[in-house]
Amino acid sequence: MRIRKAPLVALAGAAALVTGVATPAAAQVPAAAPVMTAAERDTPAVYGRAAHLIDAESGDVLFSKDAGERMPVASLTKTMTAYVVLKSAKPTDVVRIKAEDVAYAEDGGGTTADLRPGDRLTVGELMYALMLPSGADAAHALARTYGPGVKGFVATMNATARELGMSDTEYVNADGLPTPRGDGYSTAEDQALLAVKALQVPLIKEVAGTRRHTLAATDDHRAYSWRNTNRLLGTPGAIGLKTGFTRAAGYCLAFAGESGGRRLVGVLLDESVSSRRFSTAGALLSWGGSRVSA
């Protein structure tokens, strides 16, 4: 949502044409500027290429900036991966990590959860590996297992997007990494819609709001400790959801917060400064919360 100032309008041109005499500058009267509400004057500055903020309960749009523009969304893709997996898998199901999962993340230059081939982890634990450190290795292991096969899984991701009404979204993998055949695309509006649905899944909400998760070593796997990349956590009311970054997508953030019994969900895409996405999200949540409670 942008506030555009009305252009100044010169009112003396007609008189000059009739008389041939230039009208003095003092006679030029600018048009009255539009009156802005207090909420409009206080709207946080948003520097990212696109943004969208909605009331999750009512669906009311509180803020929108180029929210329908298609662009890559990097690791925000992993929210759909988590959502699709948990539609069919149980958190207690066990997945065996393979060398191809680890190699995929390393070869693609993606962030990893440092999974080790041969380890056996539950789907529930892999949700933390997927969402906190944004593990491309975890995404590959889950997609490979529940596709079946990565290609089949991506097809399910796109079918699910259509079911959710995400008409401007196309996934090409389960993690958001660039590929030789393109990066895929979505919009801030579509990703906000996904965020609303994903946060209705209790495990996704729990994982997204966790700042650090530790696993002790067992006979099935080595010890792991994963820290959430979402620096918005710790802000009062914030509950996640997912960070993302590639050179093509810029710094991205899907976020949510609760205040006064209302949940607000937002998305920022293609921010040029990593830290600013978190401060902007916090400002939008605070501003939006004051609007819905007014």
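Predicted model: local features only at pLDDT ≥ 70, side-chain atom pairs only at ≥ 80, totals over all residues.

Guide: Residues are numbered from 1 along each chain as its sequence is written, and side-chain values use heavy atoms, with hydrogens and water left out.

Visitor: Is Lys-242 buried or exposed?

Guide: Lys-242 is found in strand β7, residues 238–246; strands (E, at least two residues) and helices (H or I, at least four) are DSSP runs numbered from the N terminus. An unreviewed UniProt entry places the feature "binding site" at this lysine; such positions follow the numbering used here, feature names are shortened, and annotations may be inferred rather than shown by experiment. Buried means under 20% relative accessible area, exposed over 50%, and partly exposed in between, with a 1.4 Å probe and protein chains only. Because its relative accessible area is 1%, Lys-242 is buried.

Visitor: With which side chain does the side chain of Lys-242 make a polar contact?

Guide: Contact means heavy atoms within 4.5 Å, and, not counting residues up to four places away in sequence, Lys-242 touches several residues, including Lys-78, Thr-79, Ser-134 and Asn-230. A polar contact is a pair of N or O atoms within 3.5 Å; within protein, one must be able to donate a hydrogen and the other to accept it, and residues adjacent in sequence count only if both atoms are side-chain atoms. At 2.8 Å, the partner is the side chain of Ser-134.

Visitor: How are α4 and α6 oriented to each other?

Guide: Helix α4 (residues 99–108) and helix α6 (residues 136–146) pack with axes 8 Å apart and at an angle of about 135°. Axes are lines fitted to C-alpha atoms, for helices over the stretch in contact, and angles run from 0 to 180 degrees between N-to-C directions. Angles under 35 degrees count as roughly parallel, over 145 as roughly antiparallel, 65 to 115 as roughly perpendicular and the rest as oblique. The two helices, α4 and α6, are therefore oblique.

Visitor: Which side chain is joined to that of Asp-101 by a polar contact of 2.8 Å?

Guide: Asp-101 belongs to helix α4 and is buried, since its relative accessibility is 0%. Its side chain reaches the backbone nitrogen of Lys-98 at 2.8 Å. The side-chain partner of Asp-101, at 2.8 Å, is Arg-144.

Visitor: What is the relative accessible area of Thr-81?

Guide: Thr-81 lies in helix α3, residues 77–88. Thr-81 counts as buried because its relative accessible area is 0%.
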